[in-house]
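Here are my notes on this one, in the order I would go through them at the screen. Have the model open while you read.

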Amino acid sequence: MRIVDVHSHFYSENGEDAGWEIPQAPPGPIGPSVYVEAVRQSGLAAGGRMVIYSGSGLDRLREGPEVLPRVNSAAAGLVEMAPELFILGFSPDPFHPNETLDLMETYVRERGAKVIGEIVPYIAGYDREGPAMDAIYEKAIELDVPINNHSSTAEDSAAIRRLAERHPEARIIMAHIGGTWAFREGIAVARSHDNVWVDTSGWPMVAGGTMEIALRELGPSKLLFGIDYPLCDIDTWVERLERLPVSDEARERIAWGNAAELMKLEL
Ligand SMILES: [Zn+2]
């Protein structure tokens with residue numbers, strides 16, 4: 001089945017300290033080959049691709065501008081190993097806006113990044129909004145790429161609502177349908193704003209009824225399939241996608257059609 005997972009991460013630590021475990025790899029430092037192997041053995045391998053955002057190092061962005069290129073080049077290294085499986089996302093650093101805007105340009109124009117994200121204020125410690133975030137949104141508009149913005153609380157969804165209104169030309173993917181316990185707020189924002197979509201990554205995909213409510217309230221055109229690997233299991237999320245109570249046409253939109261349009265992918 002053709003699938004584009006719009007939301008997964010590259011972490012260079014596995015098990016114990018990391019809080020999750022990639023079953024194919026031993027605990028400890030790991031390299032990109034572990035990811036390539038894991039995806040090749042998964043339900044995504046046949047016709048699926050995974051958008052990779054940086055994972056490790058985002059909590060150290062504030063230490064200095066040298067952290068940002070490091071975390072992004074780690075993700076880019078993975079994508080370059082298996083471009084048939086992975087799609088690159090660029091993680092921004094609002095603590096260092098000038099460096100971020102320059103690097104965004106390089107990553108989108110020269111290194112093939114198709115989306116900006118994931119915006120993760122709760123991990124990195126930067127503000128959800130402010131002049132630096134506005135500049136990142138405007139740069140994404142200029143570079144014609146969507147932005148994936150984390151949301152797990154009503155406050156996150158409210159911030160995304162204001163960002164969508166301040167930047168009406170931005171194409172915003174609200175992660176996690178707004179959050180496991182805040183999906184109703186997330187759905188309301190996506191429903192009332194033409195430039196906001198939601199991705200199914202994380203627990204909302206499998207939490208009781210959330211997907212059904214999202215389908216009913218938003219319809220398939222606003223939903224993008226996402227996993228949040230390695231925090232979530234690839235095959236469980238793919239099987240849930242295959243079992244969604246929708247037509248084949250709607251399933252294709254959710255599985256890859258909307259993502260391909262938003263990221264302007266040639267599949
Ligand atoms: Zn997230």
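1. A definition to start: I call two residues in contact when they have heavy atoms within 4.5 Å of each other. With that in hand, go to Pro 94. Leaving aside neighbours within four places in sequence, Pro 94 is in contact with Thr 100, Tyr 126, Ala 132, Met 133 and Ile 136. Pro 94 sits in the loop between β5 (86-90) and α3; helices (H or I, at least four residues) and strands (E, at least two) are DSSP runs numbered from the N terminus. Its C-alpha is separated by 9.5 Å from that of Pro 121, 27 residues apart along the chain.

2. Before going further, the ground rules. This is a predicted model, where local features need pLDDT of at least 70 and side-chain atom pairs count only at pLDDT 80 or more, while totals for chains, interfaces and linings use all residues. Residues are numbered from 1 along each chain as its sequence is written, and side-chain values use heavy atoms, with hydrogens and water left out.

3. The overall picture. The protein chain has ten helices and ten strands. Its C-alpha trace spans about 45 × 45 × 35 Å along the principal axes. A compact globule with 267 residues would have a radius of gyration near 18 Å, and the 17 Å of the protein chain agrees with that; the radius is taken over C-alpha atoms, and the globule rule is 2.2 Å times the number of residues to the power 0.38. Among contacts between residues at least 6 apart in sequence, 74% join residues at least 24 apart.

4. Burial and surface. Of the 267 residues, 58% count as buried, where buried means under 20% relative accessible area, exposed over 50%, and partly exposed in between (1.4 Å probe, protein chains only). The protein chain exposes about 10900 Å², and carbon and sulfur atoms supply 49% of this area. Those areas come from the Shrake-Rupley method with a 1.4 Å probe, and for residues only the protein chains shown count as cover.

5. Which residues hold the zinc ion? Glu 118 (OE), His 150 (ND1) and His 176 (NE2) coordinate the zinc ion, at 1.9 to 2.2 Å. The donor residues follow the spacing E-x31-H-x25-H in sequence. Glu 118 in strand β6 (residues 115-119) and His 150 in the loop between β7 (147-149) and α6 (154-166) are 32 residues apart, so this pair links distant parts of the chain. Both Glu 118 and His 150 are buried. One caution: donors are N, O and S atoms within 2.8 Å of the metal (3.2 Å for Na, K and Ca), and water is not among the atoms, so sites may look incomplete.

6. Look at the backbone by that zinc ligand too. The peptide bond from Gly 117 to Glu 118 is cis, with omega near -15°. A cis peptide bond also joins Tyr 229 and Pro 230, with omega about 5°. Pro 230 falls in the loop between β10 (223-224) and α9 (234-243).

7. Asp 144 has a phi of about 65° and lies in the loop between α5 (131-143) and β7. With a relative accessible area of 33%, Asp 144 is partly exposed. For Lys 264, phi is near 55°; this residue belongs to the segment after α10 (248-263) and is partly exposed at 48%.

8. Is Thr 100 buried or exposed? Thr 100 counts as buried, because its relative accessibility is 0%. Not counting residues up to four places away in sequence, Thr 100 touches Leu 68, Phe 90, Pro 92, Asp 93, Pro 94 and Ile 136.

9. Ser 54 lies in strand β4 (residues 48-54) and is buried at 1% relative accessibility. Beyond four places in sequence, the residues that Ser 54 touches include His 9, Phe 10 and Val 71. Gly 28, in strand β3 (residues 28-29), counts as buried at 17%. Gly 28 and Asp 17 are eleven residues apart in sequence, with their C-alpha atoms 8.2 Å apart.
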